[in-house]
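The sequence and the structure are shown first.

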Amino acid sequence: MKLKGLLRTIPYMLVVILLTSCWNSRELNEMAIVTGMGIDKASDKDEYRVTFQIVNPSATATSMGASTGQPTISVYSATDRTLFGALRKTSKKAARQLFFAHTQLVVIGEQMARSGISEIFDVFERSHELRLNTSVLVSRDADANSVLKILLPIESLPAMGLVKKAKNTAAIWGENRNINIFELINGLTGEGEVSISGIRIIGDKEEGKKKANLEQTDVKAILSISGLGVFKKGKLTAWLEGSEAKGAVWVQNKINQTTVNVNAEDLEASVAVDINFSKTVVNVELQKGLPIFHVHIQEEGKINETRGFVDLSKGYEIEKLEKQLAKQTKEAAIQSIRAAQRLKSDIFDFGNELKRLRPQEWETVKKDWDSMFAQGKLDVRVDAYIRGTGMRSKPYLQHEDESN
């Protein structure tokens, strides 16, 4: 009986041994950790040029006192008909196997973006090595390869530094949005279009590749988040800048925090209002065969600075500033929608909203949605509230004037 019991337990013991083994393990010193990828269109043939930004372990091991003089990253490129082919082909140049678990960023070259991005994310959904939460940017006036070669001050790993820049400016400035591959795939396969933030090299890109660029206070090249790229049918068609870009992010309900310089009395943009709450509700309906876009924005903020005299202790002064804040927000939202309508690019997901709320009406217009969207009427309403004025209700300049 004991022998029979032992024989029964042997299969279970084998399973436990197999489960606790390291049959698919990889040693750290055999891997090349990829922090950023760049995707460009090869200039002379119908292929992708894929760039990989890889960590130099010895150069980043500051805790061990390493000081090798080499940059913290290395950059490799390969061309192939498919992204996965380029990924594997890089093994001809890199001494270690590429490891993508820590990939933070994908940069798409502007030429690649204008030719179309609908197919390039297929490998990210199919491969277990690549991550869907990777941030995406589009390079402006440069290829993705050049962007990934620029070294950044403060951040030792440039790709991670770029992701922080994208998240930071999206969170506190509001003219850009941080978008990842998963969100992009949903946008490309939905009824609307997508928008992606741009990245631009400011300065001498050749100097920006050198470590000497970081050994001075005034660096020769830096990377800056710049503009919001508008796509149509997966192709980059235009860039939104300034108030148009901020208005687009407002309508998309992606504003976390931003600053609006409000006009007061005779002084233009003289009161800085810090918007710390914003919510946008969109409703789309058809009237007489044409869509009407109802956009309701609610926002709250506080006054952080005034350049002239405004008596903030008076309720009517606050009301005037709230009306001006609502007016400027509404103008920005309308400008952004009008710009998208001129491009016939529904980056606001109005089509998806109509499909969700009124599926039967959507069926009547979905074939001609591009032209329907361009002809749609706007109903934009903004409720703005100023909830605080800081420590002082009257500017100190007024007290100086009174003393004179």
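The sections below move from the whole chain to selected local features.

## Basis and overall architecture

The model is predicted: local features need pLDDT of at least 70, side-chain atom pairs count only at pLDDT 80 or more, and totals for chains, interfaces and linings use all residues. Residues are numbered from 1 along each chain as its sequence is written, and side-chain values use heavy atoms, with hydrogens and water left out.

The protein chain has 15 helices and 13 strands; these are DSSP runs numbered from the N terminus, with at least four residues for helices (H or I) and at least two for strands (E). Of its 404 residues, 46% count as buried. Here buried means under 20% relative accessible area, exposed over 50%, and partly exposed in between, with a 1.4 Å probe and protein chains only. Among contacts (heavy atoms within 4.5 Å) between residues at least 6 apart in sequence, 71% join residues at least 24 apart.

E10 pairs with strand E11 (residues 267-287) in the antiparallel sense over six bridges, where pairing requires at least two DSSP bridges between the strands. Val260 stands opposite Val273 in E11. Two residues lie between the strands of this hairpin, and Glu265 takes a positive phi near 55°.

## Aromatic rings

The whole structure contains eight aromatic pairs. Rings of Phe, Tyr and Trp (its six-membered ring) pair if their centres lie within 6.5 Å; planes under 30 degrees apart count as stacked, over 60 as edge-to-face and the rest as tilted. Phe121 and Phe124 form a tilted pair, because their ring centres are 6.0 Å apart and their planes are at 55°. Trp362 and Trp369, with centres 5.4 Å apart and planes at 65°, are therefore edge-to-face, and both are buried.

Trp362 and Trp369 belong to one aromatic cluster with Phe293, Phe348, Phe350 and Phe373. Phe293 is found in strand E12 (residues 290-306) and is buried at 0% relative accessibility. Not counting residues up to four places away in sequence, Phe293 touches several residues, including Phe350, Trp369 and Phe373.

Charges also sit over rings, a term that requires NZ of Lys or CZ of Arg within 6 Å of the ring centre and within 35 degrees of the ring normal. Arg140 lies over the face of Trp239, at 4.2 Å from the ring centre, and the charged end of Lys246 sits over the ring of Trp173, 4.0 Å from its centre.

## Charged side chains

A search of the whole structure finds 22 salt bridges, each defined as a side-chain nitrogen of Lys or Arg within 4 Å of a carboxyl oxygen of Asp or Glu. In one of them, Glu191 meets Lys355, the closest N and O atoms being 3.1 Å apart. Glu191 lies in the loop between helix H8 (181-189) and strand E7 (195-203) and Lys355 in helix H12 (residues 350-357), so the pair ties together parts that are 164 residues apart in sequence.

Within helix H11, Lys320 and Glu317 are three residues apart, about one turn of the helix, and their side chains form a salt bridge (3.6 Å, N to O). Glu322 also has its place in H11 (residues 315-343). Glu322 is buried yet has no salt bridge, and the nearest side chain of opposite charge, Arg387, is 5.8 Å away; Lys and Arg count as positive and Asp and Glu as negative, while His and the chain ends are not counted.
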